[in-house]
Amino acid sequence: MEERCLLRVVDDYQWFIRHFHSLTGIDLSLYKEEQMKRRLTTLRSKRNIQTFQEFYHAMLKSKPLYEECLDRVTINVTEFYRNRPRWDVLEQFIKEQFRDKQEIKVWSAACSTGEEPFSLATLLSRYFPLEGIQITATDIDLKVLEKAKEGNYIERTLNNLTDQEKSMFFNKNGLIYTVKDKYRPLITFQQHNLLSDPAPDSFDLIVCRNVLIYFKEDAKEIIYQKFGQALKSNGLLFVGSTEQIFHPEKFNLKPVKTFFYQKN
Ligand SMILES: C[S@@+](CC[C@H](N)C(=O)[O-])C[C@H]1O[C@@H](n2cnc3c(N)ncnc32)[C@H](O)[C@@H]1O
C-alpha cells in the first residue's frame, strides 16, 4: 500500500514535468530534482493544492499562478558585481589577456534582470572603446529580460558598488537608479534556453554564473560542451563561486584561476 502511494507521488511529479515541458519549453527533468520539487511543492501547498496534476490545471486557469510557478523555477536572484573579489580577478584578466584588443565579444548567459551584463559593460568600458564592446545577454525568462532592458534598479542590488561607482554608472531619481544611456547600446538582450537552444558563438569571454548549480550533471556537461565551442581560442569562461568544472579538459578548457577557464 505504502509502495503504491510512493509510486503515485513520483508519477505525479513526472507527469507534471512532461506537461510543463510542452507548455513552457523548460525541461525540469534536467534540473536537480529534489531542489526543484521542494520549491514547487512549497508553492503548491501554499495554494492548498494536493497534487502536481491539479496544480498544472490550476496554472492553466490562472496567469498569476503560472507566472509565480515560472518565478519559482527560474530563480532570478542577482546583483551588480556579484562576489566582487571574483570580478577583480576578471579585471586582471582583461588588463593582461585582452590588453592589445580594440574589440571584445562577450556572452552573459542566464543574465537575469541585467545586473551582470551591466556590470560587464561598466567594467569593460574602462579598457575598451565603447564601440568595440559587444555583449550578448541571454536568459530563458522573458519577464526578467524585459526588466533588464529597462535598466532601473533599487539600491539593494548595488551593494557591491562604491558611491563613486554608483554616480558614474547611474542616474538617480528618487529611490531608482537608472543605468546611464552610454552603457545600453553595448548590450543585446535575447531569450535563450541553455538546455535546448544552439549557442551563439565566437566569444572572447563567456560569463555564466549561478545557474548551472540548478542542473543535473549530464545537463551541465552539454552546456560546457557548448561553451567550449562558443569560445574563441584563448577565450575565457567565468563561472559562479560553487560551479567548478571537474574535467575541463573534456570541453577543451583549462583552469587558469579558481572559477576561470580558458579555451585551448
Ligand atoms: C540566480 S540567476 C543568476 C543571474 C546572474 N548570472 C548572477 O550570477 O547573478 C539564474 C538565472 O538563470 C536563468 N535560467 C534558469 N534556467 C535557465 C535555462 N535553462 N536557460 C537559460 N537561463 C536559465 C533564470 O531565469 C535566472 O534568471
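I started at Ile75, which sits in the loop between α4 and α5 (84-97). For the element names I used DSSP runs numbered from the N terminus, with helices being H or I of at least four residues and strands being E of at least two. Ile75 is not a glycine, yet I found a positive phi of about 55°. My scale was under 20% relative accessible area for buried, over 50% for exposed and partly exposed in between, with a 1.4 Å probe and protein chains only.

A note on what I was working with: this is a predicted model, where local features need pLDDT of at least 70 and side-chain atom pairs count only at pLDDT 80 or more, while totals for chains, interfaces and linings use all residues. Residues are numbered from 1 along each chain as its sequence is written, and side-chain values use heavy atoms, with hydrogens and water left out.

**Another positive phi**

I found Asn234 in strand β8, with a phi near 70°, again positive in a residue other than glycine. At a relative accessible area of 43%, Asn234 counts as partly exposed.

**Cavities**

A cavity is a set of points where a 1.4 Å probe fits but cannot get out; a pocket is an open set with protein on both sides within 12 Å along at least five of seven lines; lining residues have an atom within 4 Å of a point. Points are joined across faces, edges and corners, and the volume is the space filled by probe spheres set on them.

I got two cavities of 30 Å³ or more. The largest cavity holds about 340 Å³. Its lining has 24 residues, and Thr74, Ile75, Ala110, Asp139 and Val211 are the closest to its centre.

Where does the largest cavity lie? It lies between domain 1 (2-74) and domain 2 (84-263), because both give residues to its lining. The domain bounds come from an automatic or database domain assignment.

The second largest cavity has about 30 Å³ of space. Phe80, Phe118, Thr122, Phe169, Phe170 and Val179 line it, which I sorted into five nonpolar, one polar and no charged residues.

**Helix α6**

I then checked Phe118 and Thr122 in α6, and both are buried. Helix α6 (residues 115-124) is mostly covered, with ten of its ten residues buried.

**The largest pocket**

The largest pocket came out at about 290 Å³. I counted 16 lining residues, with Leu70, Ile140, Asp141, Leu142 and Gln191 nearest the centre. Two elements give two or more residues to this lining, α4 (63-74) and α7 (142-150). The largest share, five residues, comes from α4. The lining splits into five nonpolar, six polar and five charged residues. Domain 1 and domain 2 both contribute to the lining of the largest pocket, so this pocket too lies between them.

**Aromatic rings**

I searched the whole structure and found 22 aromatic pairs. Rings of Phe, Tyr and Trp (its six-membered ring) pair if their centres lie within 6.5 Å; planes under 30 degrees apart are stacked, over 60 edge-to-face and the rest tilted. I picked Phe16 and Phe52: their ring centres are 5.3 Å apart and their planes are at 45°, so the pair is tilted. Phe16 in helix α1 and Phe52 in helix α3 are 36 residues apart. Phe16 is buried at 0% relative accessibility, and Phe52 is buried at 3%.

One aromatic cluster is made of Phe80, Phe118, Tyr153, Phe169, Phe170, Tyr177, Tyr183 and Phe189.

**Charges over rings**

For a charge over a ring, NZ of Lys or CZ of Arg must be within 6 Å of the ring centre and within 35 degrees of the ring normal. The charged end of Arg44 sits over the ring of Phe52, 4.4 Å from its centre. Lys105 lies over the face of Phe203, at 4.9 Å from the ring centre.

**Last look**

I ended at Phe246, in the loop between β8 and β9. Is Phe246 buried or exposed? Its relative accessibility is 67%, so Phe246 counts as exposed.

How values were computed
On a 1 Å grid over the protein atoms alone, a cavity is a set of points where a 1.4 Å probe fits but cannot get out, and a pocket is an open set with protein on both sides within 12 Å along at least five of seven lines; lining residues have an atom within 4 Å of a point. Ala, Val, Leu, Ile, Met, Phe, Trp, Tyr, Cys and Pro count as nonpolar, Asp, Glu, Lys and Arg as charged, and the others, Gly among them, as polar.
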